Structure formats: C-alpha cells, structure tokens
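Reader: I have a model open and would enjoy a short tour of how it is put together. Shall we look at it side by side?

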Amino acid sequence: MKSRRHFALHFLSVAGLVATIGLGAATAQAQEKKTLTLGATAGSNFDQLKLGIKPVLEKKGYTVKLVEFNDYVQPNLALAQGSLDANLFQHIIYLKKFSADKGLSLVDITKAPIAPLGLYSKKRRSLNELKDGDRITLPNDPSNLARALVFLEQLKLLKVKAGVDPLKATEKDVAENPRKLVLTPIEAAQLPRTLDDAEFALINGNFAISSGLKLTEAVALEKTPDHYLNVVAVKTDDKDKPWARDIAAAFHTPEYRTALDKHFAGYARPSFLQ
C-alpha cells in the first residue's frame with residue numbers, strides 16, 4: 001500500500017512538473033513571437049506601415065509581413081481568423097460597429113493618422129460651380145456614410161434631421177436638400193471610379209490616394225475629428241502581449257513621425273503626433 005501511495009505521489013509530482021514546464025514553454029514562446037503579419041487597405045494606410053512602422057519593428061528584431069486589402073470587410077475578418085496580427089484601416093466607430101455586427105472580439109491599441117475624407121470632382125473646380133441636381137457619390141458603409149453626411153452638412157449643402165445621431169445618419173435622415181443633390185452611396189473602394197460620371201465624389205483619403213488623386217486636388221477636405229482617426233486593431237486576447245505593445249509603441253516613435261512629415265503631409269494626426 002505504501003509503495004502504491006509513493007508511486008501515485010511521484011506520478012502526480014512528475015505530471016505537475018511536466019505541466020509547469022509545458023506552460024512555461026508556451027508562455028516563453030508567446031513572449032518571443034518575432035514574426036508579425038500586419039494588414040492595411042491600399043494607399044496611405046498600407047504605405048504608413050511600409051515606410052513608417054515596418055522599419056521600426058524590424059529594428060526591434062521582428063520579421064514583418066504586410067498584407068494589402070481593397071475593401072473594409074476582409075481586414076477585420078482576417079484579423080479575427082488569425083491570419084493577421086494587427087490591422088490599420090478603420091476608425092474606432094467602424095471597428096466597434098463591425099465587431100458588434102459580426103460577433104468579433106477586436107480592440108484598438110493606439111490611434112494613428114488618417115488621410116482626410118475629401119470631396120473630389122472632374123467636372124466642377126469648386127463648390128461655387130455646384131448646380132442643382134448634381135450627383136454626389138459617397139461611402140455606403142454605415143459609419144462612413146454618416147461621416148460623409150456630417151461633412152456635407154458642414155459644407156452647408158444639406159441638413160440632417162434634428163435629433164438624429166450624427167454617427168448613425170443615413171441618406172434617409174436628410175431633412176433639407178435645397179440644391180436637390182442626388183446622393184448615391186457606393187462601396188468606398190469604388191468611389192474614385194465614379195468621378196467620370198458623378199459631378200462630385202466623397203472619397204476616403206486612402207482610396208483617393210491609391211487611385212492617384214492628391215489631397216491638394218480635393219474641392220474640400222474634412223477637418224477630421226478624433227473619433228474618425230485611424231486605429232490599430234488586434235484581437236482582444238492579444239492586446240496586452242509584448243508584440244502588441246511593441247506595435248503600438250512603434251506609432252509613437254520619432255522615426256514614425258519623421259516618415260509622416262516626409263511622406264504624409266496634410267494628414268489628420270492624433271495629439272501625440274502633433
């Protein structure tokens with residue numbers, strides 16, 4: 001009986017030791033993650049990672065792979081599925097709504113600059129040339145559609161119904177449209193292509209730049225509020241991991257600021273990059 005008890009205690013001790021070693025190895029492996037896959041939408045978001053963030057992370061010993069996207073859906077799905085470690089393409093309002101709608105557990109870890117939303121045209125040189133009935137294309141995803149309507153209201157082209165949440169407004173919430181403007185929501189990535197047909201297009205900055213447009217060519221640029229700045233997103237379970245903290249820290253470095261000054265003049269920036 002005594003030998004059996006001794007054997008059982010010995011077995012439990014060894015099993016506990018193996019479990020502890022295994023847990024320690026797994027923890028060390030998580031802390032030593034040195035290959036990062038970052039995703040961004042085409043244009044300025046991807047270029048910020050390429051020119052400003054990848055070099056900083058590589059100096060810290062990471063191998064960095066960048067993945068380019070051409071829509072606002074796949075980057076978050078890829079992040080949730082684990083094929084990305086982090087992404088850069090969206091503001092916090094979009095991140096929260098998309099995550100809630102899709103049942104995803106994603107969170108932001110830092111703010112980042114964004115190319116302002118702009119009103120562009122090939123047919124009108126300024127708002128003074130706007131005519132009654134002109135067609136304006138604008139983003140069709142809910143958060144950017146609301147953002148576009150707020151921008152048009154700031155330009156005094158229309159008024160949204162009183163009491164409507166400005167972060168959730170749709171074209172159906174327009175109360176006053178004195179110039180009878182025709183508002184046509186389109187997938188954001190396709191907006192630059194509508195410039196040949198529509199009189200104006202409200203284009204997200206990254207897609208404007210990736211299509212060859214310049215911010216200086218816009219008829220008008222929004223004064224971007226903080227809640228429309230880009231954020232870097234990761235899975236909620238990853239937000240406190242060392243590599244996630246290193247990604248966030250890279251956006252606060254002098255090297256990244258220098259890249260912004262050189263390549264991304266005119267971009268709306270968070271306060272820590274002013």
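Author: Gladly! Thr37 stands opposite Lys65 in β2, where strands are DSSP runs of E with at least two residues, helices are runs of H or I with at least four, both numbered from the N terminus. This is a predicted model, in which local features need pLDDT of at least 70, side-chain atom pairs count only at pLDDT 80 or more, and totals for chains, interfaces and linings use all residues. Residues are numbered from 1 along each chain as its sequence is written, and side-chain values use heavy atoms, with hydrogens and water left out.

Reader: How many bridges join strand β1 to β2?

Author: Strands count as paired if DSSP finds at least two bridges between them. Strand β1 covers residues 35-41 and runs parallel to β2; the number of bridges joining them is seven.

Reader: Which are the edge strands?

Author: The open sheet has five strands with mixed pairing, in the order β2-β1-β3-β12-β4. An edge strand pairs on one side only, and that describes β2 (63-69) and β4 (106-112).

Reader: What angle does the direction of helix α4 make with that of β3?

Author: Helix α4 (residues 92-102) packs on the sheet, touching β3, β4 and β12; contact means heavy atoms within 4.5 Å. Axes are lines fitted to C-alpha atoms, for helices over the stretch in contact, and angles run from 0 to 180 degrees between N-to-C directions. For helix α4 and β3, the angle is about 110°.

Reader: Leaving aside neighbours within four places in sequence, which residues is Leu38 in contact with?

Author: Leu38 is among the residues with the most contacts inside the largest nonpolar core, which has 46 residues. Beyond those neighbours, Leu38 is in contact with Leu49, Ile53, Leu57, Val64, Lys65, Leu66, Val67, Leu84, Ala86 and Ile247. A nonpolar core is a set of buried (under 20% relative accessible area, 1.4 Å probe, protein chains only) Ala, Val, Leu, Ile, Met, Phe, Trp, Tyr and Cys residues joined through side-chain atoms within 4.5 Å. Among the contacts of Leu38 is Ile247.

Terms used
Buried means under 20% relative accessible area, exposed over 50%, partly exposed in between (1.4 Å probe, protein chains only).
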